[in-house]
Amino acid sequence: MPYIDAKPFPFEFGIDHTALVCIDMQRDFCEPGGFADSLGNNIENIAPCIPVIAKLQAAFRKAGLPIIHTKECHKPDMSDVPLAKRNRGNPKTRIGDQGPMGRILIDGEPGSDFVAENAPIEGELVIAKPGKDTLYRTNFYEYLTTRLITHLFITGVTTDVCVQTTMRCANDRGFDCVLVEDGTESYFPEFKEVTLRALVAQGGIVGWTCKSEQVVDCLSAL
Ligand code: TIU
């Protein structure tokens, strides 16, 4: 069985039971004028993971393994936006307001679309999710269980928000998750660092971490 020499111990995975998950590689989180920018974040901190995720996507496609893309966004009528989420903080613009890339965090608007480098190709599952957890009010769990997918390589933004929420919730439902260290970024480098450490602490209480090079090498040797 293939394995990655991950932290805190080797991550073994069956190739028929494994997928790459790319979390929220959207313009709203990576480009000026989007949701993250409106919250006051330094979006430049996100950029390094974009080419890394592109390489991982190419490796998974070449190996014939599934890729699942998520996007955090809401229905145009905003019926799925909790008031608490819309009202939180003091942003320049709120969810649903008009921004330079269309309405902030609304499905179908240019800002909610994927950055070109990490966009899905035909046949890959795209999950629109209203929350931070990819399993909340989506068909993610059904997709994984009907295809007998049990092992997830996780990438995307941001490490300390949607990425770790998804990894923790998937872990609770019995999935083995490995977070690719250089395939994820945070607006706060210190939060990324601490999140990576917290996930693998206590004997991998939430899962594993590894580097993209290890994944690409392992898949190219299959
Ligand atoms: N603000 C922040 O760090 N993240 C989010 O709001 N969503 C995701 O992490 N995708």
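How are α6 and α7 oriented to each other, roughly parallel or roughly antiparallel? The model is a predicted one, so to speak: local features need pLDDT of at least 70, side-chain atom pairs count only at pLDDT 80 or more, and totals for chains, interfaces and linings use all residues. Numbering starts from 1 along each chain as its sequence is written, and side-chain values use heavy atoms, with hydrogens and water left out.

Helix α6 (residues 159-172) packs on helix α7 (residues 189-204) at about 15°, axes 10 Å apart. Here axes are lines fitted to C-alpha atoms, for helices over the stretch in contact, with angles from 0 to 180 degrees between N-to-C directions; helices are DSSP runs (H or I, at least four residues), numbered from the N terminus. The pair is therefore roughly parallel, a label for angles under 35 degrees. On the α6 side, T159, D160, Q164, M167 and R168 meet F191, K192, T195, A198 and L199 of α7, contact being heavy atoms within 4.5 Å.

Turning to α3 (residues 49-63) and α8 (residues 212-220), their axes come within 9 Å and cross at roughly 15°. That makes α3 roughly parallel to α8. V52, K55, L56, A59 and F60 of α3 meet S212, V215, V216 and L219 of α8.

As for the ligand, its surroundings include D24, F29, K132 and Y187, each with a heavy atom within 4 Å of it.

Notes:
Helices (H or I, at least four residues) and strands (E, at least two) are DSSP runs, numbered from the N terminus. Angles under 35 degrees count as roughly parallel, over 145 as roughly antiparallel, 65 to 115 as roughly perpendicular and the rest as oblique.
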